[in-house]
Each structure stands twice: as C-alpha cells, then as structure tokens.
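Please open the structure in the viewer and keep the selection tool at hand.

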Amino acid sequence: MTAPSPTRTARRALSATDVEAIRRVVHERTGITLGDDKEYLITARLRPVVVASGLGSLGELVDRLRTDRPPALVGMVVDALVINETSFFRDVHPFVGLKDHVLPDLIERRRRDRMLTIWCAAASSGQEPYTIAMILADQFPELAGWTIRLLATDVSSTMVARGRRGRFTGVEVARGLPPVLRRRHLAPAGDEWQVSPALRRAVQFEQHNLAGPWDVIPRCDIVFLRNVLIYFDPAVTRRVLLKARGRLAEDGYLALGGAETTVGTDTPFRRVTLGRSAWYRPS
C-alpha cells in the first residue's frame, strides 16, 4: 500500500484540542486571539503550511507545535494565520486629519529640531505607510531638508518583505488609491504596480511583535496603531497601549482604528476630534 500524499493527509480534520493548541501558540507569539469561530480559517490556511514544511498531516503539525516548536514552523504558522487586511488611504478620514491637522501642528512645534518620527505598527504589506509617505511628499514641501523617519513594522516576515518590495496587484492599487497618485508614485511592472524608488526609500520596514519587547521602537511623534487592537484580549490591549504611550512624545498623536478606543483600558490618553477623525493624545 502506498503512503497517502501530503496534500491528502493535510486535509484531515483538526480536533477541538488541536485548534486550541494552535490558538495558544498564536496568542503566545503575537498576542492575537483567534476566535472560537475560526476553525475553518485555521484549517484552510494551515494546509499549505503542512505541504511546504514537509509534514504528513495537520495533526503532525500540531504535534510539533505542542513539543519542540521549531521557530521556522512557528513563523510559518503565524504568517499564515495573522490577519493582513489593509488598503491605501483606508477609512480616508484619518489621513485627512493627518494632512489638515496633525502634521501642520507638529511641523510648527518641531521647526527648531526639524525632525519627525512616524511609526506604523501592524503595517501588513505596506499600503498605510506608503499612503503617509505620499502625503508627506505631495503636501509638505517645507519638509525638504528635515530628518523624517517613517518606520513600518509587522509581526509577519512575509508582510515585511512585501512592504520592502513595494509591489501591489491591480486590485490592491484600485482599493483606495486615486489614479492621479497611482500615476505619480507607482509604475506598471508586468501584472503588478511598483512603488517608486523615492517612496520606497522613505519607508523603513522592520519585523516587530507588539506582544514582545519594544527595544527597536524609537520615540515617536505619531503612532498609527490601527485595526490591530481588535484582535487582542483586554490585558494585551492595555499592555500595548501603555507601551505605545511610553514611546509617544508628550505632544504626539496616536491613531487607532474606527472600532478601537482607549476608553475603559485605564491608559493615559485623551480622545480629540480633528475634522472627521479621532486621535488620542497623552494625558
């Protein structure tokens, strides 16, 4: 009798304890809580990991996660299961607020030092930091000669590599990026679109786990921490917000996602409304 193929054995159903073991690994590694309703997503996304890693089944993958937890395998599992939803100018209003209120205020405050540091956490494949880079380049010529650091981080090494590469599909480019900006900052590259060299140089991509040490995160004037707290439990959310406060300048700005807030977290932030966008400032 021939042995079953990796593809066929990878389709074996996971038990409830298997799913819980995977959820625990992801939570311990990233702070992200996968809901009880994510069994199908876990199974579907881990099948390619089984084949790519040379394992015989989903059950064997879970066994490895329960025992020696090879770092490479854990990284593949995390890359497969973290949510990477993003787009250019996502939700629009935060970027209008950035252009009309936040940057003008900070530019005035920093005229002596001529330095700005902006951090995009959980940046996924990079559309958010590239959006900010476009705003800086197009709307604020007075920043020529300033030292601008635009840092983009994500827990997924795959997403960090995609961000550095700066290539996006036609569908990704069509989601939120006006044609005039596409023509100005991107160029056709086969079936994809390539971000300009100038824009790629403007963004520094690094791998960073929000649930781990923050030694690599500098003091920031603006922190974009959007649409990631919704995947954390309250304890992790509070820890992340407190760390963000520790990295934010006293007169800095924190941006969260539309479904996120610091209210009820017992963290030192106050909410301010700028135009049609909400921001959080140290209190």
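Select D105 first: this residue counts as partly exposed because its relative accessibility is 22%, where partly exposed lies between buried (under 20% relative accessible area) and exposed (over 50%), computed with a 1.4 Å probe on protein chains only. This is a predicted model, in which local features need pLDDT of at least 70 and side-chain atom pairs count only at pLDDT 80 or more, while totals for chains, interfaces and linings use all residues. Residues are numbered from 1 along each chain as its sequence is written, and side-chain values use heavy atoms, with hydrogens and water left out.

R109 and D105 form a salt bridge, with their closest N and O atoms 3.0 Å apart; the term denotes a side-chain nitrogen of Lys or Arg within 4 Å of a carboxyl oxygen of Asp or Glu. Both residues belong to helix 6 (residues 93-109), where they are four residues apart, about one turn of the helix. Helices (H or I, at least four residues) and strands (E, at least two) are DSSP runs, numbered from the N terminus. R109 has 45% relative accessibility and therefore counts as partly exposed.

The structure as a whole holds 22 salt bridges. Side chains of opposite charge can pair when their charged atoms come close.

E20 counts as partly exposed because its relative accessibility is 34%, and R24 counts as partly exposed at 38%.

Select R245 and E250 for another salt bridge, in which the closest N and O atoms are 2.9 Å apart. Is R245 buried or exposed? At 13% relative accessibility, R245 counts as buried, whereas E250, at 53%, counts as exposed.

Finally, display strand 9 (residues 269-274) and strand 10 (residues 277-282), which run antiparallel and are joined by six bridges; two strands pair if DSSP finds at least two bridges between them. Select L274 and then S277, its bridge partner in strand 10. The hairpin of strand 9 and strand 10 has two residues between the strands, and G275 takes a positive phi near 65° there.
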